[in-house]
Amino acid sequence: MTQNKILVGLAALLFISMMCIFTVSETEKAIKFRLGEIVKNDYEPGLHFKLPFINNVKKFDKRIQTMEAKPERFLTAEKKNVIVDSFVKWRIGDVTTFYTVVAGDVDQANLRLDQIIKDAFRGEFGKRNIQQLVSTDRQAIREILIKNAKPLAADLGMEIIDVQVMRIDLPDEVSSSVFRRMEAERERVAREFRSQGAEAAERIRADADRQRVVTMANAFRDSEMLRGEGDAKSAEIYAKAYGADTEFFTFYRSLNAYKKTFTSSSMMVLDPDSDFFRYFKQQK
């Protein structure tokens, strides 16, 4: 009987000891309450103590959370709707504030944070047109959103890590008109390029024609000069040859004339005593 009492006492002591200790891991933040009142919240990871039935402890995940916002419509500076798909990375900052304001409920915290981010998006998108949102200002918008949302999130006990825009789309009714404008703009640019190309082609063609005329004129001039020089050289050679032996040169010219004349089928009527037949009548 005594042994049973000892065992029961040890079990009760062990149970009370278990109720007096709690652990906090690396991924957790903890708040200790005393009869419902917060008494401590800055626990380091490890083993800690509490008074059973007087103190109770609540633990919260301090790792980075992701809030994926539902696609939302926002008006741009052009008064056009865009559909924005985004997400927010956050974690618990001040665990006491987080518990006090949103009761430590992650879903409620996401709802409150979602409203803060949407208001920030609405303000920034209303200052920019579609082209700026899509191409040039996304990084600037991200930095402004983080800067503006951080103090508001801190009031909820949350710390903003990052805000990212995953996608910016146009509604179907706007997309078709935008695509038509883009298509018309591309057609205009293409026509302008074709016009510039045709103008450049005409300019190149005209320059080529001019160069051809100049080249042919220069070639004709050079050929005429060479022909004149050749004729002068030929005349000079003929003159020298004629002067060296006049009788032989006359005879040679007559033979060439006979060759050209008698190989032709044309009929000629000449006086036999003419100079043309001078060498036919000569005897050795």
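**A tour of a hairpin and a helix pair**

Select Leu75 and Asn81: Leu75 lies opposite Asn81, which belongs to strand 8. Strands (DSSP runs of E, at least two residues) and helices (runs of H or I, at least four) are numbered from the N terminus. This is a predicted model, in which local features need pLDDT of at least 70, side-chain atom pairs count only at pLDDT 80 or more, and totals for chains, interfaces and linings use all residues. Residues are numbered from 1 along each chain as its sequence is written, and side-chain values use heavy atoms, with hydrogens and water left out.

Next, select residues 72-75 and 81-92. Strand 7 and strand 8 run antiparallel and are joined by four bridges; two strands pair if DSSP finds at least two bridges between them. Five residues sit between the strands of this hairpin, where Lys79 has a positive phi near 65 degrees.

Now pick Arg73, in strand 7. Arg73 counts as partly exposed because its relative accessibility is 44% (buried is under 20% relative accessible area, exposed over 50%, partly exposed in between, with a 1.4 Å probe and protein chains only). The C-alpha atoms of Arg73 and Asp85 are 9.2 Å apart, with the two residues twelve apart along the chain.

Finally, select helix 2 (residues 95-102) and helix 3 (residues 106-125), whose axes come within 10 Å and cross at roughly 85 degrees. Axes are lines fitted to C-alpha atoms, for helices over the stretch in contact, and angles run from 0 to 180 degrees between N-to-C directions. The two helices, helix 2 and helix 3, are therefore roughly perpendicular (65 to 115 degrees; under 35 is roughly parallel, over 145 roughly antiparallel, the rest oblique).
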